[in-house]
Amino acid sequence: MNDALLVMEDVHKSFGGVEVIKGVSLSVAKGEVACIIGPSGSGKSTLIRCINALVPIERGSIRVDGIEVNDPKLDRLKLRRHVGMVFQQYNLFAHRTALQNVMMAPLHVLKRPRAEVEANARALLQKVRLAGKENAYPGELSGGQQQRVAIARALAMQPDLMLFDEVTAALDPETVGEVLVTIRQLAEEGMTCLLVTHEMGFAREVGNHIYFTDGGVIVEHGSPREFFSNPRDSRTKAFLSQIL
Amino acid sequence: MSRLMPVILHNRAPAPAITLRAWHGLALGGLVLLSGAAADAATGAAANTGVFMTLARWTPLLLEGFALNILISCLAMAIGTALGIALGLGLISLFAPLRHASWAVMQFFRNAPWLVLLFFMILLLPYHLHIGPLAFALPDWLKAVIGLALPVMANVAEILRGGVQAMPAGQWEAGASLGFTRAQQLWLIILPQAFRQMLPPWMNLYAILTTSTTLASIVGVNDVVTRAGQVLAAEGGRTDLLAPIYGYVLLMFFIYTYPVAWGTRRLEQRVRVRR
């Protein structure tokens, strides 16, 4: 694929001698929404952390918009400006307000003028429907609200690719929807997204491509329709029968 | 981080906490009054001036000595904190040689008896310090400041390391994913949040340091304890004055340290509630 924004080829990663990712290859085209699903402990979160070099890989290649991640001379900061990430535990900066959380990276990393950064941050909070919560501290917000601040914070860096690591797994059921709506809105605007998720309904509706991982390898992948209606591998079938 | 480090670093119990309560002060004050009254009753004779009159007469001299204790404690804390922050940053450095060297320095001074360090400084440091054409006199009390600043440094470093490591890894990760450099992650994200947790043990350390400044009297600094001894000598070694004088000194320390201990407890409660 020529317009691939993210290409992973034969990626390997071990922790203390245990190989958790055993040769994963995948590619995500510009504007595509790819979902990684699979049982717990199958290396999904590790895989997504490799993409912005939070976790260094041992073998293989990861290219984000032409930047090779598995390169000792990698400019991490340059890579991370291209890649936004949202975490399961939100990881908002507890000592800063919602607005400041969104403003920090553009101010200190991109060194943009404050007025411009603040206007942009306010617009982003409005976009994730948190207008009025600018001055709230993370501790005063619900899980769903915190997660939407985290999304706005990542978007403030104007990334080309957004990574979502089980972003609804820690949420109360009633706030899952508001976060998924925000992600869907992003996808509709053409943002390239890679999600690790347990939300099968969401993956089926919003995803363009589904990857099923188990034991550190991609067992099966395909469009949501063929994947969910006609799984081929027995592990996929077993997993889906448990979930659905 | 080496995988061994946390194990090695955590094998030590935290420094003992001072928990002063108001009734400790009341008991102390009562003790001073009682011992004074008892001493008066025992000697009975009018030949000796009353114990309270004696205490009152020597109060300015004792307070002068006490002021020196406070000065030593403040300077030692300031110097120890500045050095301790630098050493603590070394402890969390990703550069292994610096981290190991900092760890060795921290362990050495944290496990050294304060009094031995004081003797060491008094005997080791020259009377005059020559920096280029300038010569500074280095009085004993200033040497004591340096001697006490060293264990403070080691303890501050450990407080900083503990505070930083108590922060969830997700805070570092979030900072990294947004493109912050490691130094920015530390100064903008980690330290401001860890600061709240570091404040109570830091204040507790100050309370311990303040009481430990009396060690300086052993190495000849003219502090409140030395002066208490001088008062006793000046009064011709009156044994009935022993308990009241030292009780009086204890009370001074209590009055100064108690607000610090009280503030520490309040802060600890607030930190616990907010987390």
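In the predicted model, helix 4 (residues 96-110) of chain B packs against helix 6 (residues 140-165) of chain B at an angle of about 125 degrees, and the two axes are 8 Å apart. Helix 4 of chain B is therefore oblique to helix 6 of chain B. The crossing of these two helices is left-handed. On the side of helix 4 of chain B, the contact is formed by Val105(B), Met106(B), Phe109(B) and Arg110(B). Helix 6 of chain B contributes Leu150(B), Pro151(B), Met153(B), Ala154(B), Asn155(B), Ala157(B) and Glu158(B). Sorted by class, the residues of this contact are eight nonpolar, one polar and two charged.

Helix 7 of chain B crosses helix 8 of chain B in a right-handed sense. Gln171(B), Trp172(B), Gly175(B) and Ala176(B) of helix 7 of chain B are in contact with Arg182(B), Gln185(B), Leu186(B), Ile189(B), Ile190(B) and Gln193(B) of helix 8 of chain B. Five of the residues in the contact between helix 7 and helix 8 of chain B are nonpolar, four are polar and one is charged.

Chain B also contains a strand pair. Strand 1 (residues 128-131) of chain B and strand 2 (residues 134-137) of chain B are joined by four bridges and run antiparallel. Within this pair, Leu134(B) of strand 2 of chain B lies opposite Ile131(B). The two strands of chain B form a hairpin with two residues between them, and Gly132(B) has a positive phi near 60 degrees.

In chain A, six strands make up an open sheet with mixed pairing, in the order 6-7-8-3-9-10. The edges are strand 6 (83-86) and strand 10 (217-222) of chain A; each has a single partner strand, so one side of each has no neighbour in the sheet. From one strand to the next, the twist averages 20 degrees. Strand 3 (residues 33-37) of chain A is paired with strand 9 (residues 209-214) of chain A in the parallel sense, over four bridges. Phe212(A) in strand 9 of chain A is the bridge partner of Ile37(A). Helix 9 (residues 234-243) of chain A packs on this sheet and touches strand 3, strand 9 and strand 10 of chain A. The direction of helix 9 of chain A makes about 100 degrees with that of strand 9 of chain A.

Another open sheet in chain A has four strands in the order 2-1-4-5, and its pairing is antiparallel. Strand 2 (18-29) and strand 5 (67-68) of chain A are the edge strands, each pairing on one side only. Strand 1 (residues 4-15) of chain A runs antiparallel to strand 4 (residues 59-64) of chain A, and five bridges join them. Val64(A) in strand 4 of chain A is found opposite Leu6(A). Helix 1 (residues 44-51) of chain A lies across strand 1, strand 2 and strand 4 of chain A, and runs at about 60 degrees to strand 2 of chain A.

Helix packing was also examined in chain A. Helix 5 (residues 143-155) of chain A and helix 6 (residues 173-188) of chain A have axes 8 Å apart and pack at an angle of about 20 degrees. These two helices of chain A are therefore roughly parallel to each other. Their crossing is right-handed. Helix 5 of chain A makes the contact through Gly144(A), Gln145(A), Gln147(A), Arg148(A), Ile151(A) and Leu155(A). From helix 6 of chain A, the contact residues are Thr175(A), Glu178(A), Val179(A), Thr182(A), Ile183(A) and Leu186(A). The contact between helix 5 and helix 6 of chain A has five nonpolar, five polar and two charged residues.

The last feature concerns the two chains together. The size of an interface is often given as the accessible area lost when the parts come together. Between them, chain B and chain A bury about 1600 Å², and 64% of this area is on carbon and sulfur atoms. Of the area that chain B buries against chain A, 35% is supplied by Glu173(B), Ser177(B) and Leu178(B), more than by any other three residues. The contact between the chains involves 16 residues of chain B and 22 residues of chain A.

Terms used
Residues numbered from 1 in each chain as written. Chains lettered and ligands numbered in written order. Predicted model: local features only at pLDDT ≥ 70, side-chain atom pairs only at ≥ 80, totals over all residues. Heavy atoms only, no water. Axes fitted to C-alpha atoms, helices over the stretch in contact; angles between N-to-C directions. Parallel < 35°, antiparallel > 145°, perpendicular 65-115°, else oblique. Left-handed = near helix turned anticlockwise from the far one by under 90°. Contact = heavy atoms within 4.5 Å. Nonpolar A, V, L, I, M, F, W, Y, C, P; charged D, E, K, R; others polar. Pairing = 2+ DSSP bridges. Buried area = accessible area lost by both parts, 1.4 Å probe.
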